[in-house]
Structure formats: C-alpha cells, structure tokens
Amino acid sequence: MHDISICIDKKEFLNFGSNKNSHVAIENLNIKILKDEFCSIIGPSGCGKTTLLNLISGLDKIYDGNISFGKKKTINNLKKAYMFQT
C-alpha cells in the first residue's frame with residue numbers, strides 16, 4: 001500500500017471571457033510515494049510544479065483524478081502545512 005498516491009488525469013485552466021483555448025497544466029500524471037520515501041518535483045518554469053503542490057495541499061480542488069494519503073485518507077482529513085515561496 002502506498003502512503004501517497006497521485007493520479008491526475010487532467011488539470012486545466014479555462015480561459016473565461018476569451019476566445020483562447022483552455023490551458024492543460026497537468027495531464028496523465030501518476031506518482032506513488034511509499035512511507036519514508038523522499039520525492040522531489042523538479043522542472044522548468046511553467047511545467048506544473050506549483051499547480052501540483054496546490055492540488056496535493058487541497059488549495060485547488062478542481063481536477064480530474066484522485067489524490068489519496070494512505071488507507072482511506074484524503075486531503076480533507078489530514079493536518080497539513082504549506083509554505084509559499086514568496
């Protein structure tokens with residue numbers, strides 16, 4: 001059993017009031033992190049790192065997929081802390 005399981009089919013930002021298409025920030029992402037395992041998310045600016053952190057922390061709840069923390073735990077029943085970069 002994985003302690004953290006992240007399966008994001010799609011996270012997109014819609015462009016309301018604009019004729020531009022939506023922007024897909026994350027698509028087809030599957031990460032499984034075991035207990036006592038260390039994981040780093042790295043990549044260039046604009047690749048979705050902050051979006052992923054916002055999804056994991058529960059700050060952003062609009063996405064297609066599932067994020068779970070151990071047996072039957074979701075972001076809603078976990079204590080969490082989040083430090084912004086700025």
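In the predicted model, the sulfur of Cys39 lies 13 Å from the closest cysteine sulfur, that of Cys47, which is too far for a bond. With a disulfide taken as a pair of cysteine sulfur atoms within 2.5 Å, the count of disulfides comes to zero. Cys39 is partly exposed, with a relative accessible area of 36%, and Cys47, at 35% relative accessibility, also counts as partly exposed; here buried means under 20% relative accessible area, exposed over 50%, and partly exposed in between, as computed with a 1.4 Å probe on protein chains only. Because the model is predicted, local features need pLDDT of at least 70 and side-chain atom pairs count only at pLDDT 80 or more, whereas totals for chains, interfaces and linings use all residues. Residues are numbered from 1 along each chain as its sequence is written, and side-chain values use heavy atoms, with hydrogens and water left out.

The protein chain has one helix and three strands, which run β-β-α-β from the N terminus on; helices (H or I, at least four residues) and strands (E, at least two) are DSSP runs, numbered from the N terminus. The C-alpha atoms fill a box of roughly 45 × 25 × 20 Å, taken along the principal axes, and of the 86 residues of the chain 24% count as buried. Among contacts (heavy atoms within 4.5 Å) between residues at least 6 apart in sequence, 53% join residues at least 24 apart. Asp36, in the loop between S2 and H1, counts as exposed at 76% relative accessibility, and its C-alpha atom is separated by 28 Å from that of Lys10, 26 residues away along the chain.

Ile31 touches Ile4, Ser5, Ile6, Ile41 and Leu52, when residues up to four places away in sequence are not counted.

Pockets were computed on a 1 Å grid over the protein atoms alone, a pocket being an open set of points where a 1.4 Å probe fits, with protein on both sides within 12 Å along at least five of seven lines, and lining residues having an atom within 4 Å of a point. Grid points are joined across faces, edges and corners, and a volume is the space filled by probe spheres set on the points. The largest pocket has a volume of about 370 Å³. Among its 14 lining residues, Leu53, Ser57, Ala81, Tyr82 and Met83 are the closest to its centre. Helix H1 (residues 49–57) gives the most to this lining, with four residues, and the lining divides into nine nonpolar, three polar and two charged residues, where Ala, Val, Leu, Ile, Met, Phe, Trp, Tyr, Cys and Pro count as nonpolar, Asp, Glu, Lys and Arg as charged, and the others, Gly among them, as polar.

The second largest pocket has a volume of about 230 Å³, and its lining consists of Ile4, Ile6, Ile31, Ile33, Cys39, Ser40, Ile41, Leu52, Leu53, Ile56 and Phe69. Two or more of these residues come from each of strand S1 (4–13), strand S2 (23–33) and H1, with H1 giving the most, three residues. By class, this lining has 10 nonpolar, one polar and no charged residues.
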